[in-house]
Amino acid sequence: MNHPHYHNTYVDTRGFVDEPLTFTQAIVRGIAPGGGLFVPKVLPRFALDDLLALASKPYAVRAAEVFKAFGVDLPSETIDACMEGAYSTNFDAPEITPIKQLDSETFVLELFHGPTLAFKDLALQCMPRFFSAAIDTLRAQDAPEAREDFLILVATSGDTGKAALEGFANRAHTSIIVYYPFGGVSDLQQAQMLTTLGSNVSVCGLRGNFDDCQTAVKQVFGDEAFKEDLATTQGLRFSSANSINWGRLLPQVVYYVSAYAQMVASGAVQAGEPIDVCVPTGNFGNILAAWYAAEAGVPIEQLFCASNTNRVLTDFINTGVYDIRERSFVATPSPSMDILVSSNLERLLFELNGRNPEQIQAWMQELNSEKRFVADKQTFAALRERFSADWVSVEDSLATIREVYETYDYLLDPHTAVAYKVAERLRGANPVLVVATAHWCKFGADVYKGLTGIKAGDALPQELADLGGFALNRYLSEHFEHAGAVPERMAELEGMEHRFGEVCDADYAAIKESILLSLPLIVDRSEL
Ligand SMILES: *Cc1c(COP(=O)(O)O)cnc(C)c1O
């Protein structure tokens, strides 16, 4: 690659950080004081030949090259080693992110071959390795942000929790506790979490819904006295693993860079020919990574933002007005896209408004107080150059699963189905890459409803409802020829021991107590 391995610096979107930060500081800090998000000061630019040359290298090498081009203050060998660990046999496809062709102009980027069968693995197999390496580096410099070890707290509605557990399991200097709404996740999602191996992980159910979990965990993050106590008595500092960390975003840029190289190598597109990308969107991390890839020289022309009924982003991209006053949260078959405030949008606005932190501050303040803000004319025009958006109803998303299965012998999960339908509506002359974010087996009940035309709100036939998630997946795999086998890593959980049975109230005092009880079990004291 033409880019020397240089050390970029990182700035924050609200302009509260004066000193230039390194990559390792940005990932360990996570979020900037004042609530801003970190972005690289300088964006790299890949020449077409450099992009195409990546095709002949393993995915881990492509990932290392992209990281080095973005500027990471770690030794080259450390970056290489982190990537070799992140992207190898822990994925059940040697390509890591294989591309399936549906027709001459439609391709599916499969991001569900990692340990938890959802796209968050691409970031969460990688980021924790860099997090540990960053702590080592910062300690060697005696930097203040890494004196303590880290306790990662995660509130999850299902998918993120398991991906974070797998990513942080047995990682140096970190322990992780995941809170999920007890009874509020599917039996398979629960089994995925409760069977996680590792000496530094714990999982706790909370009596309440996801909102209650999130609120309680946020209260813990905000308790200065508890934080102080944990730092002095346990040598621990809190951190979160959520998608606003730049360390989670950069690994997602990699698969877009890689995908283009793969498509040229397979003859799907000519070198330099533009493609459009369609992404099922929730917190705006995945599609933002595609935007960074385009900025870095990948010939991606249009970005299609696909929403479900919770369509605040689609409305924003179509009107320039972000408005959550009248919206209530709707539960859909694509739960990972059920979101009202998309945190990563802030990064895009910063990039498109000429990197004006004062304007970002003003918009975010308005969003907080008025539940609404309006993008200015120039920023909106810049947004419209690259982005278009549409949303898909619950009924249409399930019908799409059947339509694609019957037309192409290919089974989509409900999130990817939303993206497929939006791509069909918005596509122009370019080939389209539809981003597939989960394996169907994570959402077997809704996939069955889609395939057989049962309405989303109606129950499964009793004999199928009685099966439970594992047996329903086997049924689907046996009765729908093109569904393929249930991935081993899902099927094998059925016989595994559930290691974590704790359930407590979704209130702050109960969580605090559960943290203190868990610590002796999950914090490595060998270095003390
Ligand atoms: C998290 C998730 C999404 C949404 O991705 P964002 O980066 O938050 O936009 C879509 N689909 C699945 C299956 C997910 O787990």
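A residue is called buried when its relative accessible area is under 20%, exposed when that area is over 50%, and partly exposed in between, as judged with a 1.4 Å probe on protein chains only. By this rule Cys441 is buried, because its relative accessible area is 0%. The model is a predicted one, in which local features need pLDDT of at least 70 and side-chain atom pairs count only at pLDDT 80 or more, while totals for chains, interfaces and linings use all residues. Residues are numbered from 1 along each chain as its sequence is written, and side-chain values use heavy atoms, with hydrogens and water left out.

Cysteines lead to the matter of disulfides. A disulfide is a covalent bond between the sulfur atoms of two cysteines, and here the name is given to a pair of cysteine sulfur atoms within 2.5 Å. The structure holds zero disulfides. Cys504 is in no disulfide, since the nearest cysteine sulfur, which belongs to Cys204, is 3.8 Å away. Cys504 is also buried, with a relative accessible area of 10%.

Helices (H or I, at least four residues) and strands (E, at least two) are DSSP runs, numbered from the N terminus. Residues touch, or are in contact, when they have heavy atoms within 4.5 Å. In helix α1, which covers residues 23-29, the reader can find Ile27, a buried residue with a relative accessible area of 0%. Leaving aside residues up to four places away in sequence, Ile27 touches Met127, Phe130, Phe131, Ala134, Asn245 and Gly247. From Ile27 to Gly183 there are 156 residues in sequence, and the C-alpha to C-alpha separation in space is 33 Å. Strand β7 (residues 201-207) contains Ser202, which counts as buried at 8% relative accessibility. With residues up to four places away in sequence again not counted, Ser202 touches Leu165, Ile176, Ile177, Val178, Phe500, Ser518 and Ile522.

We turn now to pairs of helices. Two packed helices are described by the angle between their axes and the distance between the axes. The axes are lines fitted to C-alpha atoms, for helices over the stretch in contact, and the angles run from 0 to 180 degrees between N-to-C directions. Angles under 35 degrees count as roughly parallel, over 145 as roughly antiparallel, 65 to 115 as roughly perpendicular and the rest as oblique. A crossing is left-handed if the near helix is turned anticlockwise from the far one by less than a right angle, and right-handed if clockwise.

Helix α3 (residues 59-70) and helix α11 (residues 246-265) have axes that come within 9 Å and cross at roughly 120°, and the two helices are therefore oblique to each other. Their crossing is right-handed. On the α3 side the contact includes Tyr59, Arg62 and Phe70, and among the α11 residues that they and their neighbours in the contact meet are Trp246, Leu250 and Gln262. The residues of this contact divide into twelve nonpolar, two polar and one charged, where Ala, Val, Leu, Ile, Met, Phe, Trp, Tyr, Cys and Pro count as nonpolar, Asp, Glu, Lys and Arg as charged, and the others, Gly among them, as polar.

Helix α3 also packs with helix α4 (residues 76-86), at an angle of about 140° and with the axes 9 Å apart, which makes α3 oblique to α4. This crossing, too, is right-handed. Here Ala60, Ala63, Ala64, Phe67 and Lys68 of α3 meet Ser76, Ile79, Asp80, Met83 and Glu84 of α4. Sorted by class, the contact of α3 with α4 has six nonpolar, one polar and three charged residues.

Helix α19 (residues 444-452) is mostly covered, with seven of its nine residues buried. Those buried residues pack against α17 (394-408), α18 (414-426), α20 (462-465) and α21 (469-479). After α19 comes Gly453, whose phi is positive, near 80°.

Positive phi values also occur at residues other than glycine. Asp142 has a phi near 55° and lies in the loop between α6 (127-140) and β5 (149-155), where Asp142 counts as exposed because its relative accessibility is 53%. Arg355 likewise has a positive phi near 55°, and its place is in the loop between α14 (345-352) and α15 (357-370). With a relative accessible area of 26%, Arg355 is partly exposed.
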